[in-house]
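This report looks at side-chain contacts. It covers charged pairs and aromatic rings.

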Amino acid sequence: MSSYISDIISQHRFQLLATAVASGATAAALLLAYQRLEREERISALKSSIPSRSNSSNLNNFGASTATPEDKEDARNQALARRAQAGDFDDELILEQLARNRVFLTPEGLEKLRNSFVVIVGCGGVGSHCTALLARSGVSRLRLIDFDQVTLSSLNRHAVATLADVGLPKVQCLQRRLIAIAPWVKFDLRQEMFDGPVAPRLLEPWKEDGRKPDFILDAIDNIETKVTLLQYCHNNKLPVISSMGAACKSDATRICVGDIGTSTDDGLSRATRRKLKLLGITSGIPVVYSTEQSAEGKAELMPLSEEEFKKGSVGDLGVMPNFRVRILPVLGTMPAIFGLTAATHIILSITGYPTDYRPPKNSEKVYEGISSYLQATETRLARGFIPDIVGFKIPVSLGEVAFLTDEIYHGRSVITGISTRLVLTRWRKPGQSNISIIGEGKNQQKCSTVKLSEIVCMTKEEAARHEKEVIQGGRPLEDVYDKEVISKVEARLAEAAKYEASR
């Protein structure tokens, strides 16, 4: 047997095979060694690329890190910002960056915006988006007030925060990111909580030139602090817009701007309004709010569980005394829309651009009531020709009632601008019968001849007077209304006629 094995080994083919196996093993070992070395080098490079946080243990009074990671891009942006704010930045480049706004707002309007000073109180989801758009749009001086820091849960709704910003003050995060977009913007960072005693200092004029705030955004989600801020602004005649609750909201079409006195469908707004009334403030503060109603399957603010109460005083669970202790259900897109809406209001107000906010669209029941009133007035007019008329109809659909009320008359009386108890009625007394009859017997149809271009929007009281004096009484319109009202009505009727021609 041993001689047989010796013969095989001595054969030339076996020697070649053995050599090939040995070479393959050697090559494999070298390849694995190279791959291991390459992997170690990549790991080493990755570890060395992580910024040093040797001083990250420096925390401020609110528990936020005061250190910014060493970053070459940040350093470059900071250096550019220092130069730009010192005037070493070509103004033509700024105007080129703001060219679209300049065309929209006019050069004069943009100049007002560039000279403005805006204060943002609360730099979370709403405040951060508002700040970002103000900086992008041309506002050159921004004071940011917020005691809080960026957390992981902030990233679903914050405008500019990244993972690298977690632990940093929100005011510092905004300044850090926005100078990379608009280096000429000057920031005044105030990392502290707004309260009554510090209001005069936090809302003081800009130190360099003594300019008072052109506008203030209230993006606070604590009711007591919010009321304090709004009361101070109201008493000191400082322009302010307040953001109401974005939590539990999901319908972007229901967000609108209106007076604090009209925001009846928003929980935070309702609570704020009641507290302001006790202070003698019932109107005069614009707010961004939602008319969305809670419904089955939608997110709701649930009460704290019994387990949390067993842990001790609920107030001890908050980050600050008297502040909320629950995680609010917030869809990240909604605070952004609230913030952008507030930014739009601020920009338009500062530049003097016309605003014509329409009240929230009415419900179907309201439109049905308006339609019923129009039918009743047309029926009364028809009875002047056929006293016992029955089955009388009007050629105006519910959708057209909504269109006339909301789109043509903007949810307001064309006579006085009042937005409550609205109805539609005929503007002129018809020269002849308002009845159109088609068919005979059982197939007979009786219908009003009123056209969309003959209908106006008034309050119920105004319409009753109008019907008595103009439609039934026959008085000329010129004897009842002044030229300005008649001119306005004619313009709206002409607008309705354009729609009517294509329907």
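A salt bridge here is a side-chain nitrogen of Lys or Arg within 4 Å of a carboxyl oxygen of Asp or Glu. The model is predicted. By that criterion, Glu469 and Arg465 form a salt bridge, with N to O at 3.8 Å.

**Charged pairs**

The structure holds 24 salt bridges. Three of them are listed below.

| Pair | N to O distance |
|---|---|
| Arg176 and Asp74 | 2.7 Å |
| Lys226 and Asp218 | 2.8 Å |
| Glu469 and Arg465 | 3.8 Å |

Take Glu469 and Arg465. Both sit in helix α15, which spans residues 460–472. They are four residues apart, so about one helical turn separates them. Glu469 is partly exposed, at 22% relative accessibility. The cut-off matters for this residue: under 20% relative accessible area would count as buried. Arg465 is also partly exposed, with a relative accessible area of 41%.

Salt bridges with shared partners form one network of Asp74, Asp165, Arg176 and Arg177.

Lys226 and Asp218 make another salt bridge, at 2.8 Å from N to O. Are these two residues, Lys226 and Asp218, buried or exposed? Both Lys226 and Asp218 are buried.

**Aromatic pairs**

Now the rings. Two quantities describe a pair of aromatic rings: the distance of the centres and the angle of the planes. A search of the whole structure returns five aromatic pairs. One of them joins Phe117 and Trp206. Why does this pair count as edge-to-face? The ring centres of Phe117 and Trp206 are 5.1 Å apart and the planes lie at 65°, so the pair is edge-to-face. The cut-off for that label is over 60 degrees.

This pair links distant parts of the chain. Phe117 is in strand β1 (residues 117–121). Trp206 is in the loop between α8 (199–202) and β4 (215–218). The two residues are 89 apart in the chain.

Phe117 is buried, with a relative accessible area of 0%. Trp206 also counts as buried, at 7% relative accessibility.

Technical notes:
Residues are numbered from 1 along each chain as its sequence is written. This is a predicted model: local features need pLDDT of at least 70, side-chain atom pairs count only at pLDDT 80 or more; totals for chains, interfaces and linings use all residues. Side-chain values use heavy atoms; hydrogens and water are left out. Rings of Phe, Tyr and Trp (its six-membered ring) pair if their centres lie within 6.5 Å; planes under 30 degrees apart count as stacked, over 60 as edge-to-face and the rest as tilted. Buried means under 20% relative accessible area, exposed over 50%, partly exposed in between (1.4 Å probe, protein chains only).
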